[in-house]
Amino acid sequence: MHKSIIWINLYIWYREAIFEKRYLNNYLNGENNMKKLLSIFAVLAFAFSANAGTLDDVKNRGFLKCGVTTGLAGFAAPDDNGEWAGLDADMCRAVAVAVFGDRSKVEFITTTGKSRFPTLASGEVDMLARNTTWTISRDVNLGFEFVGVNFYDGQGFMVPSALGVSSATELDGATVCIQTGTTTELNLADFFRLNGISYEALPIETNDEGKENLFAGRCDVYTTDASGLSSTRAAASNPDKWKVLPEIISKEPLGPLVRHGDHQWGDVVRWSLNAMIIAEELGVTSENVDAQMSSNVPEVLRLLGVEGNYGEMLELSNDWAYQIIKQIGNYSESYEANVGPDTPLEIARGLNALWTQGGILYAPPFR
Amino acid sequence: MRSNLGFFSDEKFRSIFFQTLVVGLFALGLFFVISTTSYNLEKRNIATGWSFLQNPAGFDISFSPFLEFKSTDTHLKVYFVGVLNTLLVSVTGCIAATILGFILGIVRLSSNWLLSRLVYIYVEFSRNVPLLLQIILWYSILIQLPRVKQSLQVLDVFYISNRGLYSPRPIFESGFLYVLIAIVLALISSFLINRWAKKRQDKTGQQFPVFSSSIGLIFIVPLILFFILGSPMSFEHPEMKGFNFKGGLVIRPEFIAMFLALSIYTAAFISEIVRAGIMSVSKGQREASAAIGLKQTWIMRLIIIPQALRVIVPPLTSQYLNLTKNSSLGIAVGYADLVHGFGGISLNQTGQAIECMAIVMATYLSISLTISFFMNIYNRSIQFKEK
């Protein structure tokens, strides 16, 4: 960081600390010199730890830091050109476009199932788009804020076709590969307990490790989100040798998340996602977005920034949503390109279709 | 005479002043760390406290040879399972590394050129390749073993596959208690015989066959009793049922990989320590003992080893500590040790990072200090005693 920025930030942080009466009272009241000395150190200590608004941080830095998986085809994985691609990667890019109007202004930072939360909490990334399940404990206790759902998923099982198993309830005594530190780990224990059958857990760290152990026969079953299974199956040398069982044992709403307490930044990420969903609802695509600028539908005009000043409210440029649709596309375009039926993952829209089309994808109105 | 600098020229004052300064700075630094941490925790709305230890874990641990673990058990139990698994691989690893290290250290000094060179290559290879790579290497070899359905069968009772080594499990029936008592009594009496024999030899010079009589007491007497009681022990054989073997004893490839990598890696260091220890005993000692007509094995046992141990034990202690701490690498292959279970999964499911890490660190510290404590006692007992 540039030296002058450090001093400016120090000043801002110092003022922030001054306004925090709780801490101030403890340290600045009283004549004791030692106390005063301590108070200076205390203010400095807080100064180095606290942060100003994330949006300002991102703008000052000039690019977005986005936490993604270590590689899950269709969600976030480097493509043939080494560019990050996928549904989650598009989410990151959409936020970068909203802030900078440039889809390349994003640094992808890989995180494992375990490292993702500390990485976000410590401020090493500005947001996570890492097929992370929205649960009450993560939302409340871990101090994060889920801003929406960009993929409705559920936990499933994948087995070798040769195993001759047709239902997960037949898996008594099987060895199950399971990513540690995930909600799937807890669902798995619940499912087997509920059905009164036993299993042996083989804990693994990454999707690749799970793949390796399953393909080597160290475990009989691999369990993770159904989308992840499709992704793993698509990456096998012979996908027909693997079968995804019909049981879906959990709700896994996957969505982007930010740190608790920075509502301005949360709004930017939330509405970047909503803008893509609303664009699909309104039939605005990356191809027709320029023509839609002269549409007669009021909500389209509001979305594209022709009418109203929604961009300003978010402290973004007024064409932020236009740029997202132009450079990334609407939700449907992103879905079809990354995980849809025409991709190796072959995941039908299902729950992820718009609410008007039999799914549960729903964004609040743009007004 | 005192100079104009007054107090500062006073040695006593100076030393107190600087020591107070150091303590003060340290306390200030500590205050810094604690206040920053608690401020940040509060700012980020992260709950703190120890109550999570009583919450049900919600996940399963399949490798828990000593405690039965269910997903409804608490995080505290996850901790105990982790500690026991860490101790299991550390203790077995230390024993194997010591035996292997002593043998290799002696072989390295052998006059047989080929043997000595082979050990040299082994030592250089295994202590210069990172341990993590060795663990992963062993694990990737082990999961290339046949699949569970095509298990290799050895002697009709052992099954080897990439799910582990299955063997029959002994089941002790009620009468077996007497055999156990017999073994304990035999151990105590051979210890007493040993003491008596030594005293008698010191006094009269007469020797007593301590070794063979102890063997007879410890093995043959309980064995006879075992048959008299009608063999109160049976075996539970592993059987292929569904997806896996049921019953029997199983040693998982994760454990085998950790055990092999840790003991082979550490044995290389120990063998060098043993070699240094033996070489530190001056040549004159060996020549002198040969001159008074001692046998080769006696020279080693009575003259060389006791003197070498004084050099060997202190660095050996630090190898034990290293091995124990290195066992935390088990996470690389999914071995359910302390770091993997409590410091990993529990930490991640509860989000109580500082508490979990503090407990894990305190645990490693106590294990290490305990090892040091006992090794120091042993070290004192073998030191040269002046009479």
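This is a predicted model: local features need pLDDT of at least 70, side-chain atom pairs count only at pLDDT 80 or more; totals for chains, interfaces and linings use all residues.
- The open sheet has 5 strands, arranged in the order β10-β9-β11-β8-β12 (chain A), and its pairing is mixed.
- β10 (199-204) and β12 (242-244) of chain A are the edge strands; each has a single partner strand, so one side of each lacks a neighbour in the sheet.
- On average, and with direction ignored, neighbouring strands of this sheet are turned by 30 degrees against each other.
- Strands of a sheet are joined through backbone hydrogen bonds, in either a parallel or an antiparallel manner.

**Packing of α9 and α11 in chain B**
- Helix α9 (residues 296-326) and helix α11 (residues 353-382) of chain B have axes that come within 10 Å and cross at roughly 175 degrees.
- Because angles over 145 degrees count as roughly antiparallel, this crossing makes α9(B) roughly antiparallel to α11(B).
- On the α9(B) side, the contributing residues include B:Pro306, B:Leu309, B:Val313, B:Pro314 and B:Leu321, together with B:Arg310 and B:Lys325.
- On the α11(B) side, they include B:Tyr364, B:Ile367, B:Ile371, B:Met375, B:Tyr378 and B:Ile382, together with B:Ser368 and B:Asn379.

**Geometry of α6 in chain B**
- Helix α6 (residues 210-228) of chain B has 19 residues, which at 1.5 Å a residue should span 27 Å; the end C-alpha atoms lie 26 Å apart, in agreement with that expectation.
- B:Gly230 follows α6(B) and has a positive phi, near 80 degrees.

**Contact between chains A and B**
- Chain B contributes 35 residues to the contact and chain A contributes 36 residues.
- On the side of chain B that touches chain A, α1 (11-43), β7 (244-246) and α10 (338-350) of chain B each supply at least two residues.
- α1(B) gives the most to this side, with 7 residues.
- The side of chain B that touches chain A divides by class into 11 nonpolar, 17 polar and 7 charged residues.

Technical notes:
Residues are numbered from 1 along each chain as its sequence is written. Chains are lettered from A and ligands numbered from 1 in the order in which they are written. Two residues are in contact if their C-beta atoms, placed from the backbone, lie within 7 Å. Helices (H or I, at least four residues) and strands (E, at least two) are DSSP runs, numbered from the N terminus. Ala, Val, Leu, Ile, Met, Phe, Trp, Tyr, Cys and Pro count as nonpolar, Asp, Glu, Lys and Arg as charged, and the others, Gly among them, as polar. Axes are lines fitted to C-alpha atoms, for helices over the stretch in contact, and angles run from 0 to 180 degrees between N-to-C directions. Angles under 35 degrees count as roughly parallel, over 145 as roughly antiparallel, 65 to 115 as roughly perpendicular and the rest as oblique. The expected span of a helix is 1.5 Å times one less than its number of residues. Two strands pair if DSSP finds at least two bridges between them.
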